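My entries are set down in the order in which I looked.

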Amino acid sequence: MTNMHGYNDFTLGGFNFRRDEYFAHITWSTLDGRPMSHTMDAGNFLRALMRDVAWGFFYGWVNFDDVIGTVNHYGTVDMYAGSFNGAMKDAGIDRMENFPTDDIRQLFEQMLADWTNAGFDPFAAPQETGSPYGPKHGDNMPAITRARELARRCVGLEGDLPLRTDERGAPVNRAFADVPQDTPEVHPEPGFENEVHAFNLFAFLSRSQVTWNPSFTSVVKNSFMCPTTEEHILPIIHGNDRVEWFFQMCDEIHWNCDHKETGEPLARVIMKAGDMAAMPAYCRHQGFSPKRSMLLVWENGNPDLVDDINSGKAPKVPVDFGA
Amino acid sequence: MTSTYTTRFGSLNDYDKGRVEPIADDVRNYAFSNCFEIAGTSKPYEKVVFGQNMEYVLEAIRAEGDSPWYTCAHDEFALCMDGEVEIHLVKLDSAQAVSNPDKEGAILVEGDPRGAKMGWMKLGRGHQGMLPAGSAYQFRSKQPAVIILQTCKGDLSVERWSSICQTA
C-alpha cells in the first residue's frame, strides 16, 4: 500500500516498516501486547539494509543500529528489535522472530528497491552520492543490484574475477588518486602463464566504486581474503559469530567494540597502516574511516565454524597467550 | 575548496602504530600487532604468525636476501607491503613434492628443487603473487622487504604472540 509520501509500507511477521521523507519507522508489539516503535534516518536505514541484502545476512549479527537488526542462522534469519539492547531486553519490550531466509530476503529486496530514490546509492560514500530524502522519486536499481565480486582462486586469473579498469567502469577513486597503478613484473615460462600470476591489489582496491563491501580476492581452502575500501561510517554494527580479523593496509579506521548481547562498550581499536587486530566472537563492532582507506577483512568461511564455536570446540578469542 | 588526499601507507622505516584502548575487556583478545614492527625485529624469512583463524594463518615475513626453497600442498598468496621481492617458481618433481596432499602449510624443499622452471615475478608494494600448490618457490630481496603470506599454519610457522601483540 502506498502512503502519502509515495512509499510502500511493508510487514514482516509482527514487524511493520514505513518510511516518510526523512525517516524509516519500525513498529512491533511486545509479547504482552504493548505497542513499540523505533525511528532511523532513512539514509542510514537504507545503507544498512543494502549491506544486509548484498551480503546474504552476512556472518552473525547485522545490527542496523543499537535497536534493530538481523541474525543469520544460515537457512533462517532472526529479525529483532531491542533483543540485543541491554535496557530494552531488561524492560521486556523487545521482539524477535525467525523467518526462512528467502522470505526475509525477498521482503528486504522489495523494501530496498521501493525506498531508494533516484540519485541515491546506499553503497557510496556520503560525499559521492545524492540525497536519500524527500518524497518518492524514481529508483536506483543498478546501484542496489550490484553483484558481489568474488574470486574463486585469485583476481586476474583466466576465468576468474577480472581486474578493475576504466573500461570496466571502475576509475580510480578521488581519494586514491595517488595510489600507483603499476603492475608486477611477471615472467612465466611457456605453459605456466596461468600459474605464474600476480596483480596490484592496491590498484585494484583504489578502483572500488563502493564502500564497506568486501570482495574476495584470493582463496586458500576456506581462508578468504576480503579486502574493501572504507569511508565514513560502517553502516551496520557487525556482531561476530566467529573471530574476525582486520588488517589495515593504508590510512586508518577507528573501531568501537561493544558486547554483542548487551551493547556495553568493551574497547576502542585504533588501526593504522600495517596494523592487525582481531574482533573476538563475543563482540560487535563499528568502524569510522576519516579518509577512504583499504582494509583487509580476513574471514574463515568454514560453514561448520559456528557450530564449533557454539559447542565450545572453537575459541571465541583469537589467540591463546598461555598462562 | 577541493580536497587533495594523501594515501598513507606504512613501511619498515616509517610507520605509525595504532592501539587498543580497553574499556572493559582484555586487550589481548584483540591480538593487536603491526606487520612492520614484527618484520623490523624478525630474522629473514621467519614466518611469524600475526593472524590465525583455526588452521588458517597470515604470516608477517621479513624478506632479505635469498630465502630457502619452500613447497606447499595448497595454494598460498604473498602480498608485498614494503620493498621489492622476486619470487622464483619451479614445478616440483613428484619425488620432492609434499607426499601428503592434505599437509597444511609450507615445508622446506630438501636440496635444490628439481623440475621445470615455471618463471618468476617481481612484486612491489601492494602487489600480490600466487604461490601455486605443488610448486617450489624462493623469495629473493636485495633490500629488506615485508611480505604478508596467506597460508595454513604449518611446521615452519612461528608463534610468539606475547612479543608481537599489545598485552596491556
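This is a predicted model: local features need pLDDT of at least 70, side-chain atom pairs count only at pLDDT 80 or more; totals for chains, interfaces and linings use all residues.

Residues are numbered from 1 along each chain as its sequence is written, and chains are lettered from A and ligands numbered from 1 in the order in which they are written.

I looked up strand 2 of chain A, residues 15–19; strands here are DSSP runs of E, at least two residues, numbered from the N terminus. Its covered face holds Phe15(A), Phe17(A) and Arg19(A), while Asn16(A) and Arg18(A) lie on the uncovered one.

I then checked its partners, counting two strands as paired if DSSP finds at least two bridges between them. Strand 1 (residues 10–12) of chain A runs antiparallel to strand 2 and is joined to it by 3 bridges, and in their hairpin, with 2 residues between the strands, Gly13(A) takes a positive phi near 55°. Strand 3 (residues 23–29) of chain A is also antiparallel to strand 2, through 4 bridges, and the hairpin between these two has 3 residues. Asn16(A) stands opposite Thr11(A) and also opposite Thr27(A) in strand 3.

Last, I looked up Ile147(B) and its contacts (C-beta atoms, placed from the backbone, within 7 Å). Leaving aside neighbours within four places in sequence, I found Ile61(B), Ala63(B), Ala78(B), Leu79(B), Cys80(B), Val85(B) and Phe139(B) in contact with Ile147(B).

Definitions and conventions: A residue is buried if 20 or more other C-beta atoms lie within 10 Å of its own, exposed if 12 or fewer, and partly exposed in between; C-beta atoms are placed from the backbone. Two residues are in contact if their C-beta atoms, placed from the backbone, lie within 7 Å.
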